[in-house]
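Biologist: Hi! I'm new to this one, could you walk me through it?
Modeller: Happy to, let's bring it up.

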Amino acid sequence: MSVKDFFKSNSFKCLAALLCVLLASGIFLTIAYGFLEVTAGERLQRAVSYIYSGADVSVYGENDVLITAEVKDPKGLISETKKTGNAEIDQAYKVTFDENGKKELDYLISSKGFGGWSGGTVTCWIAVTVENGAVTGIRKISVSSWGNQTLSSEVNSSSLFENITSKYTDGIYYEPVGDFLVTGATMSATAICNAVNGAIAFVKTDILGGVVSNPFEGFVFTEYIDIANPATIYQVDGETVTYNIITKSNKQAQSFTIEITVGKGGVISEYVIKKYGSTDGRLDKDEYNALVRTDYEGKDAAYFKSVIGENGDISSNENYEAGEIQTGATRSNYLCLYAGLFATANYEKCLGGQMQ
């Protein structure tokens, strides 16, 4: 077939028609995206409208510049995200308004909380109230992104948000227990609690200039240890270090609370799981707990490294000794091994010496 015949053929006509359709579709989608795109300014105004419904508020960003509803790209108080505890702060704004003749001051924080289901996150707008240079409460919370969480309806129908705002006290650390537990959506509640904790810590330190001491400064193997949780502590008595360790979640495996005593030479003398994590429901509590190994007395850092790697980077069965880590609780056992590595590897650090 000659070139001239090809351009006259039905094949060419079909190709030309298809290209025209693709071109038209691309143009249409580009235009539609321009109309449907939600700008940063619109996201901010939606949060403001929900949290301060009916109130005449003023929102300020970088350099105390007033941000109006028309601003599509508002400049907030930070130029880049900041990791704070178990959360990541995406943006922050100052909000003022009058209520009952009193000038109110809030900081509206976009905070992404970690620890959700299967390692996911929940991002929230959190209004942190401030008075006389101190955080005094949480006014309201609005979820802007559920990440890959699938049980948002369980959280929304619970009293979690109301309890967080009504039960604030100075120094509180929100955890999914008691008033902050959502049955069936524990890990989503964990992420929300972490988002709130991160927002409070950010306002206290980065905005109000407070100093939060870190007793685990310079410690190693902290990735799966909740060092932001004030319940994670260690005590030294001579050559003995006793830890109370709260782990982070490990995808489906939820947080453990473990008490570990380490003696001379960095060897564990006592290892007690005070609170087990939970499984996905395939096993009952006793069946699940039976799969979690606890006999780590006499073990040191070298042992734990031999199982989960020099950097704690082996989190599957590939390097576990036969029979020690059982299928069905691999991630939970990894948390227990990691806690043991954290306790033994930082033994000398706790005593004031050098880390192993």
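**A first tour**

Modeller: Thr123 has a relative accessibility of 9%, so Thr123 counts as buried (under 20% relative accessible area; over 50% is exposed and in between is partly exposed, with a 1.4 Å probe and protein chains only).

Biologist: Before we go on, what kind of model is this?
Modeller: This is a predicted model, where local features need pLDDT of at least 70, side-chain atom pairs count only at pLDDT 80 or more, and totals for chains, interfaces and linings use all residues. Residues are numbered from 1 along each chain as its sequence is written, and side-chain values use heavy atoms, with hydrogens and water left out.

Biologist: Thanks! Where is Thr123 found?
Modeller: Thr123 belongs to strand β6, residues 121-131. Helices (H or I, at least four residues) and strands (E, at least two) are DSSP runs, numbered from the N terminus.

Biologist: And which residues does Thr123 touch?
Modeller: Leaving out residues up to four places away in sequence, its contacts include Asp90, Lys112 and Val143. Contact means heavy atoms within 4.5 Å.

Biologist: New topic: which residues touch the most other members in the largest nonpolar core?
Modeller: Those are Ile260 and Tyr271, in a core of 38 residues. The largest share of this core, ten residues, comes from α9. A nonpolar core is a set of buried Ala, Val, Leu, Ile, Met, Phe, Trp, Tyr and Cys residues joined through side-chain atoms within 4.5 Å.

Biologist: What does Tyr271 touch?
Modeller: Beyond residues up to four places away in sequence, Tyr271 touches Ile260, Tyr296 and Cys336, among others. Apart from that core lies another, of 33 residues, including Ile164 and Ala199.

Biologist: How many aromatic pairs are there?
Modeller: The structure holds 19. Rings of Phe, Tyr and Trp (its six-membered ring) pair if their centres lie within 6.5 Å; planes under 30 degrees apart are stacked, over 60 edge-to-face and the rest tilted.

Biologist: Why is the pair of Phe221 and Tyr338 called edge-to-face?
Modeller: Because their planes stand at 85°, with the ring centres 6.4 Å apart. Phe221 sits in the loop between α6 (186-207) and β8 (233-237), and Tyr338 in helix α9, 117 residues apart.

Biologist: Is Tyr338 buried or exposed?
Modeller: Tyr338 is buried, at 2% relative accessibility.

Biologist: Last one: which ring does Lys140 lie over?
Modeller: Lys140 lies over the face of Tyr50, at 4.4 Å from the ring centre. A charge sits over a ring if NZ of Lys or CZ of Arg is within 6 Å of the ring centre and within 35 degrees of the ring normal.
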